[in-house]
Every structure is written in C-alpha cells, then in structure tokens.
Amino acid sequence: MRTPRIHLDTLLSPGAEIALPPDRLNYLKNVLRLRDGQAVIVFDGRDNQATARLQLGRREGVLLLDEVVRHSVESPLQTHLLQAMAKGEKMDWIIQKAVELGVHRITPVMTERSVVELKSERADRRHGRFVDIAISACEQSGRNTLPQIDPITSLETALNDVTASCRWILHPVVEDASHAKPTQPPASAAVLIGPEGGFTDDEIRQALQRSFEAVQLGPRILRTETAGLAALTALQLRWGDYSLPHTDEPHT
C-alpha cells in the first residue's frame with residue numbers, strides 16, 4: 001500500500017512533533033484505518049514534504065517528522081482555468097480533475113447563462129468546499145503545491161485579473177485557429193470555459209477585447225465539465241510536462 005499523504009499548513013522541520021487537527025486525525029485513524037507507528041507523508045502546500053510517523057493516543061494524534069525535503073512535480077507551464085459555474089456536482093468534479101492535471105489557478109466565474117446562483121454566505125461556503133477539494137486532489141495526486149482557488153466572481157472581474165501570456169476561450173466555431181499557436185512556448189496560459197448554455201455574444205466580445213483567442217479543440221462540441229479538462233491537457237501536451245510515448249511500431 002502506498003504511503004498516505006496529508007496536507008498541513010504549518011512549518012515542517014526535522015524532528016518536529018505536530019499535533020493533528022481533529023479532521024486530519026479522523027481521516028488517518030478512522031477513514032484510512034492507520035495504526036500507531038505507521039508512516040505518513042505530510043506536505044505544506046509550498047513544495048516541502050516530510051516523512052513522519054503517526055503516534056496515536058486515545059483521542060489525539062501526533063506526527064513525528066523525520067527528513068524534510070523540497071520536492072516539486074509542478075509543470076513549467078502555469079495554467080489558469082476560468083470556469084463558468086456548473087450545476088450540481090459538476091463543479092466539484094471539475095475542480096478535482098483540474099488539480100490532478102496540474103492547474104496552477106482556478107477562477108470560478110458567474111456568467112449570464114450560469115444556472116447556479118450563489119450569493120454572500122452560500123458563495124463563501126462553496127468556495128471553502130472548492131479549497132478542500134483542491135487539497136484532497138493534491139494529497140491524492142502527489143502535488144506538494146496547492147493551486148490558487150479564487151472566490152466565485154463575475155466574468156468582468158475575472159477577465160481583468162488574468163495575467164497569462166497565452167489566453168484561450170473555447171468556442172465551437174472558429175474560422176481560423178492559426179493565430180492560437182504562439183511561435184515561442186508561453187510561460188503561462190489561461191483558458192476560459194463557458195456554462196452549459198454557452199457564452200453570450202457580448203461575453204465573447206469582452207474576452208476577445210482582453211486578448212483572448214477563440215480556440216476549437218476538435219470537431220465535436222464538448223460539455224462544460226469536459227472542455228476545461230481537455231484544454232488543460234492540450235496545453236500540457238503542447239507546452240507543459242506531458243509527453244506521448246514513442247513507438248516505431250506501425251499503426252493498424
């Protein structure tokens with residue numbers, strides 16, 4: 001069995017004893033069923049990780065840290081997903097899978113055709129859930145750096161806050177996509193994904209005015225929960241740390 005990984009937002013130093021918060025203790029003891037003395041990997045979300053031993057009491061738990069190292073599996077291409085809010089559990093799934101795919105930043109966006117409407121306290125709770133999902137995805141995927149999860153925001157605010165040099169808006173109809181292929185690999189890329197009903201013409205104009213380029217990934221129309229993940233994969237294949245296996249065998 002692979003060594004369990006957990007995130008703790010605390011200073012990691014060799015020989016330190018870290019008391020486990022109740023939720024982390026419950027996860028290790030009652031969900032994973034770990035026993036006293038078993039090994040755990042703890043990471044701080046800033047590329048540092050440590051091996052540790054679990055010391056369990058009746059109602060408390062402590063991690064005894066051994067070696068602390070810097071270990072990064074981050075892509076050289078920093079990706080920013082601007083995702084229109086999707087209904088139901090789709091948004092949770094998008095957050096989880098985007099983190100597994102190495103996304104650097106996620107901005108949940110409210111658009112004119114967004115089915116979900118969240119205000120004030122409900123929006124704050126949903127943002128907190130997104131952060132928890134991102135942490136869990138990092139624990140599972142081996143990432144030691146937590147991506148930035150922005151609060152739910154308007155499209156205009158989200159567009160104004162983009163800093164990436166390469167900017168895509170996925171659109172089912174693109175007359176000429178040749179302009180979407182920079183001659184030099186970009187250091188960062190942003191991709192804007194619409195809601196179930198698509199962007200309005202005005203929203204598309206807003207994005208194009210802010211240097212976004214309309215991109216079509218293929219001849220098929222993708223659902224909102226598929227489009228962003230496909231775009232992130234395409235970006236990592238083109239300029240990031242994904243690679244396809246090489247073979248000399250002929251295709252049949």
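Analyst: Glu-225 is buried, because its relative accessible area is 13% (buried means under 20%, exposed over 50% and partly exposed in between, worked out with a 1.4 Å probe on protein chains only). Before going on, bear in mind that this is a predicted model, where local features need pLDDT of at least 70 and side-chain atom pairs count only at pLDDT 80 or more, while totals for chains, interfaces and linings use all residues. Residues are numbered from 1 along each chain as its sequence is written, and side-chain values use heavy atoms, with hydrogens and water left out.

Glu-225 sits in helix α6. Helices are DSSP runs of H or I with at least four residues, strands are E runs of at least two, and both are numbered from the N terminus. Who does Glu-225 meet? If you skip its neighbours within four places in sequence, Glu-225 is in contact with Lys-90, Trp-93 and Ile-94, where contact means heavy atoms within 4.5 Å.

Helix α6 also matters for the largest pocket: residues 224-239 make up this helix, and it supplies the largest share of the lining, three residues. The volume of that pocket is about 430 Å³. How do you find such a space? Rolling a probe the size of a water molecule over the atoms shows where empty space is left. Here that is done on a 1 Å grid over the protein atoms alone: a cavity is a set of points where a 1.4 Å probe fits but cannot get out, a pocket is an open set with protein on both sides within 12 Å along at least five of seven lines, and lining residues have an atom within 4 Å of a point. Grid points are joined across faces, edges and corners, and the volume is the space filled by probe spheres set on them. The lining has 22 residues, and those closest to the pocket's centre are Leu-170, Pro-172, Ile-221, Leu-222 and Ala-227. By class, 11 lining residues are nonpolar, six polar and five charged. Nonpolar covers Ala, Val, Leu, Ile, Met, Phe, Trp, Tyr, Cys and Pro; charged covers Asp, Glu, Lys and Arg; the others, Gly among them, are polar.

Now for helix α5, residues 201-209, which holds Asp-202. Asp-202 is partly exposed, since its relative accessibility is 36%. Which residues touch it? Apart from neighbours within four places in sequence, Ala-207 is in contact with Leu-159, Ile-169, Leu-192 and Phe-212. Ala-50, by contrast, is 157 residues from Ala-207 in sequence and 43 Å away in space, C-alpha to C-alpha.

Arg-33, in the loop between α1 (22-31) and β3 (39-43), has a positive phi near 60° and is exposed at 61% relative accessible area. Asp-47, in the loop between β3 and β4 (48-56), has a positive phi of about 80°, yet it is buried at 15%. Why point these out? Most residues other than glycine have a negative phi.
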